[in-house]
Amino acid sequence: MFSTVLTHLTIQNLALVERIELTLGPGLNVLTGETGAGKSVLVGALSLILGGRAQTDVVRSGADEAVVEALFEVPAESGLARRLAEVGIEAPDGALVVRRTVSRSGRGRVLMNGQLATVSMLASVLRGAVDLTSQHEHVSLLDPDQHLDIVDAYGALTGLREAVAERHAEVQGYRSALEGLELDEAEKARREDYLRFALEEIQAAAPAPGEVETLEIDRKRLRGAHDLLEGVQRAESTLYSDEGAVVDAVGRVQRELVRLANLDGRLGDLSTSASNVLAELEDLARGLSRYSANLEAEPGRLDEVEERLEQLRRLCRKYGGTVEAALSAREAMAQELDTLEHDEARRADLGAALEVALEQRARAAEALTAARRKVVAGLALAIQRELADLSMGGTRVEVQLAPTPEPGPRGAEGAELLISPNPGEPLRPLRKSASGGELSRVLLAIKQVLADTTPVGTYVFDEIDTGIGGKVAEVLGAKLQAVARATQVVAVTHLPQVAAYADRHFQVVKLEEGGRTVTRVQTLVEGDRVEELARMLGGVQITERTRGLAEELRTRGRGHPPDPGVLAAVAAEAKRRSSGRRAARVR
């Protein structure tokens, strides 16, 4: 059962792309193409959709703006549906359309189902729906700071970690407050004088919440008092005071109906209705008279309103821009003045509160440490099992926890992944022992381990197969296919062994049209897929032997058992081509 799925991606005027429409599906979606064809542009477009940083130089030459659109399926009970509801965005028919525009001038716009949103809102809503793994994550995986996040994600320790962060924030707050008491005496006196003046000024004005809005309504009414008075008086005269007024006419009708009702009782209801209408008209006339009298009784009210509004505007300009902000400033300044006037007692209170906060942080950190110690062994074993599926069966993994000098927002320790890729070798930090190919497999193993605790709708892998080839590459392809049975996968790869396992295969090509270079994406059918695999295996010159290897590789990808001799030939062909590329770079 698939969760959130990315079904369509449209890119316009991004880098070399003039316009591309990509229709994705569940399972394993693979993009291949020559180096420089523009595969990275597609990943960059997805990064923009997920709230990534936008650079103005990505806009295609000659265009004013670049546009990226994506369509997601949103199951009703999914995390994405919940996050959309939290920000007030509806997902009709279980769909989300994200549109992001990047302007050459530096301005951009984000729309989610037609509603304007910020980039940070976009990133927050789509967080967890799509997991984008790019080549730079090989570098970030070497950073031990990332390893602690992996431990906490695996152990579902978010609650304990947030508790430590909250206690740490309290400690820092008390420390900052204590530092604020260390002002020199002259600065303290100047600050007290200013605070007293500001408080007296706000207190003298005595602003009330909503007062400006009420006064502006009064001003509008008073400025139109002349028109109001004339109009109301005309209405009252027509209704009651003038000769032949409406009330007189209705009164005659009412009296006539009363007389006639004595002759025919069926007119009784109509007679009663006429009496009611007459009474309501008389009430209306009296109400208009009272309104007119009140208007005439407020000759100086407009000047008073104007003066009060100007007073409040001056106050607001000095203290936050609104009456509400000025009132909040008053409370803050009163508290600060109280602190300055009673700083010795305040210092003692803050010191005592800091001690309590330090103790609470220590207890929260101890609870988090204990929980981490319980999960690190399971995490290491889970990564080892995944690595065994990726032809690293002899690898040993350990997660080492090391205490920090003082607890911080992430707890009282750091974490580091230790690895021994080969039997008999000692465990060493991942950053010191893993090759590029091993890093790729460790990264995929961690993604798979965390998939059960932090499920996502779509995995996007941008050349995660760096440093991998031969048999291991084919194992990686099979692994990605297995992952894609439960979660949509989009993979950019240069390896035919990986591409052979795709459910959908897209070829990215670079062409020259009208004197300009453009990037196109082609959806490959079965025959074209074999040709693309052969190109990836053999380069420019595709022989019948290369084509046969490609067909056998595709057979393997469809789930049919391969010929072991052909597998060896595929590995040798890939190794030969890789060696050729390295030799070319050396030359």
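Predicted model: local features only at pLDDT ≥ 70, side-chain atom pairs only at ≥ 80, totals over all residues.
Which residue follows H20, and is its phi positive or negative?

1. Helix H20. The residue that follows H20 is Gly559, and its phi is positive, near 105°. H20 itself covers residues 544-557, 14 residues in number, and spans 20 Å from its first C-alpha to its last, close to the 20 Å expected at 1.5 Å a residue. Its buried residues are Thr546, Arg547, Leu549, Ala550, Glu552, Leu553, Arg554, Thr555 and Gly557.

2. The sheet. Six strands form an open sheet in the order S2-S1-S4-S5-S6-S7, and their pairing is antiparallel.

3. The S1-S2 pair. Strand S1 comprises residues 5-14 and pairs with S2 in the antiparallel sense over 6 bridges. Within this pair, Gln12 stands opposite Arg19 of S2.

4. Positive phi at two asparagines. Most residues other than glycine have a negative phi. Asn13, although not a glycine, has a positive phi of about 55°. Asn13 is found in strand S1, and it counts as partly exposed because its relative accessibility is 21%. Asn113 also has a positive phi, near 50°. Asn113 lies in the loop between strand S6 (108-112) and S7; with a relative accessibility of 24%, Asn113 counts as partly exposed.

5. Helices H6 and H14. Two packed helices are described by the angle between their axes and the distance between the axes. For H6 (residues 158-180) and H14 (residues 343-389), the axes come within 8 Å and cross at roughly 160°. H6 is therefore roughly antiparallel to H14, an angle over 145° being the criterion. The crossing of H6 and H14 is left-handed. Sorted by class, the residues in the contact of H6 with H14 are 17 nonpolar, 3 polar and 7 charged.

6. Helices H8 and H12. Helix H8 (residues 211-223) packs with helix H12 (residues 301-318) at an angle of about 150°, and their axes are 9 Å apart. This angle makes H8 roughly antiparallel to H12. The crossing of H8 and H12 is left-handed.

Definitions and conventions:
Residues numbered from 1 in each chain as written. Heavy atoms only, no water. Pairing = 2+ DSSP bridges. Helix = DSSP H or I, 4+ residues; strand = E, 2+ residues; numbered from the N terminus. Axes fitted to C-alpha atoms, helices over the stretch in contact; angles between N-to-C directions. Parallel < 35°, antiparallel > 145°, perpendicular 65-115°, else oblique. Left-handed = near helix turned anticlockwise from the far one by under 90°. Nonpolar A, V, L, I, M, F, W, Y, C, P; charged D, E, K, R; others polar. Expected span 1.5 Å × (residues − 1). Buried < 20%, exposed > 50% of the residue type's maximum accessible area, 1.4 Å probe, protein only.
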